[in-house]
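Here is a short briefing to read alongside the structure. Please keep the viewer open as you go through the points.

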Amino acid sequence: MVGADHPGKPVFEHVVIVRGAGDIASGVAYRLFRCGFPVIMTELAQPTVVRRTVAFAQAVFDGCASVEGVRGRLARTPDEALAVARAREIAVLVDPCADALAGLRPAILVDAIVAKHNTGTRLDDALVVIGLGPGFRAGVDAHAVVETNRGHRLGRVILCGEAEPDTGVPAPVAGYGAERVLRAPAAGPFVGVRSIGDHVVEGEVLGYVAGEPILDPFDGCLRGLLQTGILVHRGMKVGDVDPRATREHCFTISDKALAIGGGVLEAALYFLEGRPLELSAARA
């Protein structure tokens, strides 16, 4: 297991746990993995991820998932997850509350749930704790916070203070903002009738909830769609449409996720290589 008192080890000996396995979390995991870190991701038993083609959460449904050539594999136990991570695949573990933390004792914990509030992550959960977006205070809830709001500060590492507050409004893409997001018209099981990557036209039916259709708001490319069978509530996000209509974008990690992943990588290396003694003393 990873000990919290050996910050000077090479990166491939520092296990990282990433809470969440959606598209932003997967961009983070991808960058950490590519730089040599063993990565374990924790997820819900029924992930509500819409950008499933670029999310390791899909491994919960399919047993494995590949994102830009990096393979994720579902693990049944924490020990199996550690073995998968050591074998140079990203491990995905159904563990909504991150109960595996105590046994795995990761060097780095990244809270990438992006819930806009802290769902329980603590400063003493790992040698280095990194929170994404609003809800975390650097030095209080996490050692570092990474900005998730689009704009000049996206991906910036915050060592004192907090990220910008949630605006509640999706950033505009090619002139389209909130209308890009597909939402459930009712409560019940979601059924998709189109596939991610499809070119769609305004008014086309993309799915159903409780027999009520979900209509395409404008011409574009279906960038995200919830897994069929997931129970949803009225108004819940079930997909998104990209007006740029570039199919490749549906199968590659977004610029936002990569920027945030770069910030996480910076924060991890800053603490592991730049300030190991201070952190070790703080954990002692």
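Predicted model: local features only at pLDDT ≥ 70, side-chain atom pairs only at ≥ 80, totals over all residues.

Which residue takes a positive phi just after helix 3? That residue is Arg88, with a phi of about 70 degrees.

- An open sheet is built from 9 strands in the order 3-4-5-2-1-6-7-9-10, and its pairing is mixed.
- The edges are taken by strand 3 (64-67) and strand 10 (157-158); each has a single partner strand, so one side of each has no neighbour in the sheet.
- Strand 6 (residues 108-111) pairs with strand 1 in the parallel sense, over 4 bridges. Within that pairing, Ile17 has Leu109 of strand 6 as its bridge partner.
- Strand 6 also pairs with strand 7 (residues 128-132), again in the parallel sense and over 4 bridges. Here Leu109 stands opposite Val129, while the bridge partner of Asp111 is Gly131.
- Strand 6 is covered on both faces: Ile108 and Val110 are buried on one side, and Leu109 and Asp111 are buried on the other. As a reminder, side chains in a regular strand alternate between the two faces of the sheet.

**Helices on this sheet**

- Helix 1 (residues 23-34) lies across strand 1 (16-19) and strands 2, 3, 4, 5, 6 and 7. Its direction is at about 165 degrees to strand 2.
- Helix 3 packs on the sheet too, where it touches strand 2, strand 4 and strand 5. The angle between the directions of helix 3 and strand 5 is about 165 degrees.
- Helix 3 spans residues 78-86, and its buried residues include Ala81, Leu82, Val84 and Ala85. Looking down the axis of helix 3, the buried residues fall within an arc of 160 degrees, so they line one face of the helix.
- In general, an α-helix has 3.6 residues a turn, so residues three or four places apart point the same way.
- The cover over the buried residues of helix 3 includes strand 2 (39-43), strand 4 (70-75), strand 5 (90-94) and helix 4 (101-104).

- Strand 14 and strand 17 (residues 220-225) run antiparallel and are joined by 2 bridges. Val200 stands opposite Gly220 of strand 17.
- Strand 13 (residues 188-192) pairs antiparallel with strand 18 (residues 231-232) over 2 bridges, and Gly188 stands opposite Val232 in strand 18.
- Strand 13 also pairs antiparallel with strand 15 (residues 205-209), over 3 bridges. In this pairing, Phe190 has Val209 of strand 15 as its bridge partner.

- Asp242 belongs to strand 19 (residues 237-242). Is Asp242 buried or exposed? Asp242 counts as buried because its relative accessibility is 3%, under the 20% cut-off.
- The side chains of Asp242 and Arg244 are joined by a polar contact of 2.8 Å.
- Setting aside residues up to four places away in sequence, Asp242 touches Val173, Phe218, Gly220, Cys221, Arg223 and His249.

**Cysteines**

- How many disulfides does the model have? The count is 0.
- Cys221 is in no disulfide: the nearest cysteine sulfur belongs to Cys250 and is 3.6 Å away, whereas a disulfide calls for sulfur atoms within 2.5 Å.
- Cys221 is buried, at a relative accessible area of 1%. Cys35 is partly exposed, at 40%.

**Thr148 in its loop**

- Thr148 sits in the loop between strand 9 (144-146) and strand 10. With 6% relative accessibility, Thr148 counts as buried.
- Beyond its neighbours within four places in sequence, Thr148 is in contact with Leu132, Gly133, Pro134, Leu154, Lys256 and Ile260.

Technical notes: Residues numbered from 1 in each chain as written. Heavy atoms only, no water. Buried < 20%, exposed > 50% of the residue type's maximum accessible area, 1.4 Å probe, protein only. Polar contact = N/O pair within 3.5 Å; in protein donor to acceptor, adjacent residues only side chain to side chain. Contact = heavy atoms within 4.5 Å. Arc of directions from axis to C-beta. Pairing = 2+ DSSP bridges. Axes fitted to C-alpha atoms, helices over the stretch in contact; angles between N-to-C directions.
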